[in-house]
Amino acid sequence: MESTRKQLIELLDSQQGYISGQDLSKRLNISRTAVWKHMKELEKDGYEIEAVQRKGYRIVSSPNKVSENTLQWGLNTDWLGHNLQHFKEVTSTQEVVHQLAKQGKPHGTVVIADKQVQGKGRMSRNWDSPKGKGIWMSILLRPELLPYQAPQLTLLAATVLAEVIAEQSSIMPQIKWPNDLLINHKKVSGILTEMQAEQDQIQYVVLGIGINVNQTESDIPEELQHKASSLQVESQQHWSIQDTIQRILQQFERTYDQFMTDGFKAVKLKWEQFGYRIGEEVTISTMKKSWQARLVGIEPDGALLARDEKGKEEKLYSAEIHWGEDGYHAKQK
Ligand code: BT5
């Protein structure tokens, strides 16, 4: 049933003009009455469909609302998001996915909410997630990776988001190590990767993605305005949340599958192309010392690699990097 409807949407979508009931019934291998019933279901979900005698059916407009149906229809993935749950409001999509993982839900399960009342950043920080303005989504993964490789998934996700945004607009996002997506030096997205692991085995990973999409400047809390922005503010265009989610899931699946077969190299290269201040000199300070170094890239364990004037390289896991914009520097990890 569900997959027939998905195919039906695809057929209607790919058609310039009308497609006849007979054609549809043949291609979907269902009766013409069944085609008509599916059309009625689509209309209930907000699709506007025109039916003209002797010509057939045509989609006039798709619903611009986020629901399990509209997210799944037309979603061109093999395993990601086939099990997808959409909520109007949750505490945090991370929490929901942790529960689903414990219930044994499969790899590729996705939870999306219009609003989070306790959106989480790293280290118990808060993530502002206003209703209908952004993408608040968590993905359940059961990767065959060693626990130390889990940070690679954060880096991978960041490249996926950067690519999807760059494709859809003229803006060029940058990835600030390890998990922030910036546009014009302001954060538009953050990734939170949480892992349940035992000894040398990952049981599951919950990969959380938050993207500010259609907030206007005044929708952004005052205390964040100097460092946070949204896709709409930066691109001066309204974004379809539903379409952007589908693109992210499709691109994520492709990149993830490639990563699993070919390893981290392609992700590393892509990350470094988008990397914020990569190739530039910054000041780094730890508890013990402070020094100047050039950021050169990332390492397979997710560390940031810096090289000082003498050519000495150092892997940074938890250093304070003075990023040098707006006097704002973030404490990492
Ligand atoms: C992150 O943490 O950037 C990870 C954010 C992950 C959010 C997603 S949404 C779906 C899933 N469900 C969840 O509950 N979480 C994930 P961190 O690097 O710690 O950044 C948090 C800091 O960013 C906060 O302390 C604020 O300063 C700032 N911040 C909070 N909300 C923001 C927003 N909407 N946009 C930009 N910056 C924000």
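The largest nonpolar core of this predicted model has 64 residues, and those with the most contacts inside it are Met137, Ile139, Leu141, Leu249 and Phe252; a nonpolar core is a set of buried Ala, Val, Leu, Ile, Met, Phe, Trp, Tyr and Cys residues joined through side-chain atoms within 4.5 Å, where buried means under 20% relative accessible area (1.4 Å probe, protein chains only). Helix α6 (residues 151-168) gives this core its largest share, 10 residues. Residues are numbered from 1 along each chain as its sequence is written, and side-chain values use heavy atoms, with hydrogens and water left out. Because the model is predicted, local features need pLDDT of at least 70 and side-chain atom pairs count only at pLDDT 80 or more, while totals for chains, interfaces and linings use all residues.

**Cores**
- Leaving aside neighbours within four places in sequence, Phe252 is in contact (heavy atoms within 4.5 Å) with Leu80, Ile139, Leu141, Leu156, Ala157, Val160 and Leu207.

**Sheet**
- Strands β5 (residues 134-141) and β9 (residues 201-212) run antiparallel and are joined by eight bridges, and Trp136 has Gly210 in β9 as its bridge partner.

**Confidence**
- The mean pLDDT (the predictor's confidence in each residue, from 0 to 100) is 91, and 97% of residues reach 70 or more.

Notes. Two strands pair if DSSP finds at least two bridges between them. Helices (H or I, at least four residues) and strands (E, at least two) are DSSP runs, numbered from the N terminus. Buried means under 20% relative accessible area, exposed over 50%, partly exposed in between (1.4 Å probe, protein chains only).
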